[in-house]
Amino acid sequence: MDKAEEPERAPNPIDRHVGLRIRMRRKELGISQERLAESIGLTFQQVQKYERAANRVSASKLWEMARALSTNISYFYEGLSDAIETPGSNLPRETLQDFLLTPEGMELAAVFPKIPTGRVRRRMLDLVRAMAGEPDTPEG
């Protein structure tokens, strides 16, 4: 089977995780894909592909990204062991990653922790559950 006939494969979970962490850090710093790409000698399309895990990030580019994003290499791997411990355990993690890759998911993840009171955060969560048709869970 030649390359054109090969079925499209899902991205490697490690590449997905690293791509998500690149995006999260870039968004946290308010840096555009264009600006990050320019600082490391790439096109913004290449940064997009890294963030979506369509392409793997080489070790040298990851090093450059860490410098451009004012972090260390280990940042991109934080939380990774949780994502790949057991087969099948990455399904909820992938759903979380898919959510965080959306503009709304990133914004919600950034703003939600800024709600000062736990009780208000709990009520917001209850509202979202109700809107999604999910059953209530007891407060813990």
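Helices (H or I, at least four residues) and strands (E, at least two) are DSSP runs, numbered from the N terminus. The model is predicted: local features need pLDDT of at least 70, side-chain atom pairs count only at pLDDT 80 or more, and totals for chains, interfaces and linings use all residues. Residues are numbered from 1 along each chain as its sequence is written, and side-chain values use heavy atoms, with hydrogens and water left out.

Helix α1 contains Arg26. This residue is buried, because its relative accessible area is 5% and buried means under 20% (1.4 Å probe, protein chains only). Beyond its neighbours within four places in sequence, Arg26 is in contact (heavy atoms within 4.5 Å) with Ile31, Ser32, Gln33, Leu36, Glu51 and Leu69.

A nonpolar core is a set of buried Ala, Val, Leu, Ile, Met, Phe, Trp, Tyr and Cys residues joined through side-chain atoms within 4.5 Å. The largest one has 14 residues, and those touching the most other members are Val18, Ile22, Leu36, Leu62, Met65, Leu69 and Phe76. Two or more residues come from each of α1 (13-29), α2 (33-39), α3 (44-51) and α4 (59-68), with α4 giving the most, three residues. Leaving aside neighbours within four places in sequence, Val18 contacts Leu62, Phe76 and Tyr77.

What classes of residue line the largest pocket? Its lining has 14 nonpolar, no polar and no charged residues, where Ala, Val, Leu, Ile, Met, Phe, Trp, Tyr, Cys and Pro count as nonpolar, Asp, Glu, Lys and Arg as charged, and the others, Gly among them, as polar.

Notes. Buried means under 20% relative accessible area, exposed over 50%, partly exposed in between (1.4 Å probe, protein chains only).
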